[in-house]
Amino acid sequence: MSDARNPVGRWITLPILASFAVFGTLPYWVEAVGLYQYLGLEIMVWVIFALGYNLLLGYGGLPSFGHGAFIGIGAYAFGVAQFHFIPNLWICLLAAIIITGLCGLAAALLVSRRRGIYFALMTIAIGQVFFFIASKWTSVTGGEDGLLNIQRLPVDFGLFSIDIQDTASLYYLAFALYAVVVVLLWRLVHSPFGRILGAIRQNEERVRFLGYNVFIYKAIAFILSTMVAGLAGGLFAMAQEGAYIQIMNLQWSGTVVLMTLIGGGLVSFWGPVFGVVLYFIARDILGAYTEAWLLWFGLMFMLLVMFKPEGLAGIWRDTVGGLVRRKPAAAPSPHPNQSPAE
Amino acid sequence: MALLEAHHIHKRFGDQVVLENITLAFEENRLNGIMGPNGAGKTTCFNVLTGRYKPDRGRIVFDGEDIGGLPPHKIARKGIARSFQLMNLFDQYTAIENITLALPEVRARGMSMMHDLSTDGETGDKAAGILARIGLAGKERVEARDLSYGERRALEIGVALAAAPRILFLDEPTAGLGAEATGSIAELIAEIRRDLTIVIIEHDMQFLFGLADKITVIHWGQVIAEGTPASLQEDEWVKRSSLGGLA
Ligand SMILES: Nc1ncnc2c1ncn2[C@@H]1O[C@H](COP(=O)(O)OP(=O)(O)O)[C@@H](O)[C@H]1O
Ligand SMILES: [Mg+2]
């Protein structure tokens, strides 16, 4: 944890810097370790998506099982803005964020009075509705074929612009946006809003009796997480050079839940990052040996849930974190810490 | 006019009538006790007054304003705080954070997304002050779930106090406590009652008769007796409830 009284520490912490060091240098070493540039890009897109998702799942205790719809909407919105509006990177990304956020608002109004299993079921239903609309509204989404030929738009700074046609360059754009997202989300979850969201997870009723309008907090958390999904969707559209309906499948909504949980999103801010990295590495490494890699990944998930419900972040905390931390926090907590504060 | 008045409140769950024509009035800066057997409807009464349930009939007036049927958060913002019979803390948060989130000034900034509470000395000091008041000085950084049962009971009251209420509802604040811990809760209540209107549901009659200005007995969802502790000594139900030894 950072020094709370240090104004820089309010925004940037050691783990954030460490993540910048790892992801910021990725294009230089990813091939040396036998992987490839596009994998880094995929990881970055999904890390952004999953970090935003964990605002709901880990912090708010709001299990959305339809979140794949929102990364899909972001991808379509990016493509539509590019084709029919202005092919400017910033404007198209902004369109992806805003349009996804508006869809998130509509969903939030429906789900924010619910919790637990009812919340989950409603998000599934809403995800399916968006999927259905996207598959039928062919004039906008291209239906089964998808939106093809979405451009990797140059990063326009007015006086000059940077071409990001090649994957490593696009990766750096994604990394820069990751940096912004991670700093803002970290600040957010430690703000009054974030702490109240965590209180809602622990005891919604109590929060209400303290005078907070729980509905508004849940709705805003939902909308924010869909806006982050929209940003990830815009990047994804550029990565794939297209936007396709598959991403809105129920399966992908489940995948982001899986990634977040396996990484330890319930106990750590960094859970989603661990989870996404593990997922893609498992896909490529296990996938090279067997078609049924997802089965093995699922098995790994089950073992983790049974023996280490705090996920990878929990394992990290117990091993590396225990060595790094100076304070005598080595005294084992009598129960697994379930608050994703760090 | 009393600070809070409830007129002819009815509440039923399905076909079970739980509150039947309850009328109550709580005068400002008084300590009001509510007693009665298990299942009498005491907690339901609190739940109706604090907005958890809407009354089926009847009026609830707080400081001249009709608050019947308002949602809990709106009622809370008017200065009505409560504790719960079954404890209701944020278990994964520290003691001080439980208090902090209840402070009205934090509530007012609840939508702030970039602000940092841990660096805010003013709210921190205020929350620490409340912890000290309820006897939890030194426990600031202990997670609520790691506190002892008695400490959790005290924190439950502290959270309600932190909201700086005008009226405070305490639902069996000594439930499950031994004599010593009950004594310190009684001391705490004696200390906070000076500038606060308090309503306490309590089983421990000695506790209640020692503190209350006025006591209401609820049975079968109705008010069956009401008065000062002294006048209630003569009440049939109170007598039967083995209070005899107290006089
Ligand atoms: N939400 C509810 N739904 C159905 N019945 C309830 C509910 N809340 C309370 N009751 C019933 O109302 C009666 C009074 O309960 P309660 O107010 O908790 O009593 P007390 O606090 O006096 O012990 C009980 O019979 C209880 O089962
Ligand atoms: Mg009760």
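This is a predicted model: local features need pLDDT of at least 70, side-chain atom pairs count only at pLDDT 80 or more; totals for chains, interfaces and linings use all residues.
Buried area is the accessible area, for a 1.4 Å probe, that two parts lose on being put together, summed over both.

The domain assignment places residues 1-79 and 165-247 of chain B in domain 1, and residues 91-164 in domain 2. The centres of these two domains, taken over C-alpha atoms, are separated by 26 Å. Contact between them involves 17 residues of domain 1 and twelve residues of domain 2.

The polar part of this domain interface can be described next. Between domain 1 and domain 2 of chain B the count is one salt bridge, and three residue pairs across the interface are in polar contact, both residues of each pair being at pLDDT 80 or more. On the domain 1 side, the elements that give two or more residues are α2 (72-77), β7 (167-171) and α7 (179-192) of chain B. Of the elements on this side, α7(B) gives the most, with four residues. By residue class, the domain 1 side divides into eleven nonpolar, one polar and five charged residues.

B:E191 takes part in two salt bridges that may be read together. With B:R133, the closest N and O atoms are 3.4 Å apart; with B:R194, the closest N and O atoms are 3.7 Å apart.

Another salt bridge in chain B joins the side chains of B:E151 and B:K139, at 3.2 Å from N to O. B:E151 lies in helix α6 (residues 149-162) and B:K139 in the loop between α5 (121-133) and α6, so the pair ties together parts of chain B that are twelve residues apart in sequence. B:E151 is buried, with a relative accessible area of 18%, while B:K139 is partly exposed at 30%.

B:G36 lies between β3 (31-35) and α1 (42-49) of chain B and is buried, with a relative accessible area of 6%. Leaving aside neighbours within four places in sequence, B:G36 is in contact with B:K42, B:H203, B:I218 and B:W237. By C-alpha positions, B:G36 and B:A144 are 30 Å apart in space, and they are 108 residues apart in sequence.

The description now turns to the interface between the two chains. Chain A and chain B bury about 3400 Å² between them, with 56% of it on carbon and sulfur atoms. The contact takes 38 residues from chain A and 37 residues from chain B. A:R206, A:F209 and A:L210 supply 23% of the area that chain A buries against chain B, more than any other three residues.

Between the chains the count is four salt bridges. The side chains of B:D116 and A:R187 meet in a salt bridge, at 3.4 Å from N to O. The count of residue pairs in polar contact between chain A and chain B is 19, both residues being at pLDDT 80 or more. On the chain A side, two or more residues come from each of α8 (167-189), α9 (192-209) and α10 (214-240). The largest share of that side, 15 residues, comes from α9(A). The residues of the chain A side divide into 18 nonpolar, twelve polar and eight charged.

Over all chains, a search of the whole structure finds 22 salt bridges. In one of these, the side chains of A:R283 and A:E42 meet at 2.7 Å, N to O. A:R283 lies in helix α12 (residues 271-289) and A:E42 in helix α3 (residues 37-60), so the pair ties together parts of chain A that are 241 residues apart in sequence. A:E42 is buried, with a relative accessible area of 10%.

Technical notes:
Residues are numbered from 1 along each chain as its sequence is written. Chains are lettered from A and ligands numbered from 1 in the order in which they are written. Side-chain values use heavy atoms; hydrogens and water are left out. Buried means under 20% relative accessible area, exposed over 50%, partly exposed in between (1.4 Å probe, protein chains only). Contact means heavy atoms within 4.5 Å. Domain bounds come from an automatic or database domain assignment. A polar contact is a pair of N or O atoms within 3.5 Å; within protein, one must be able to donate a hydrogen and the other to accept it, and residues adjacent in sequence count only if both atoms are side-chain atoms. Ala, Val, Leu, Ile, Met, Phe, Trp, Tyr, Cys and Pro count as nonpolar, Asp, Glu, Lys and Arg as charged, and the others, Gly among them, as polar.
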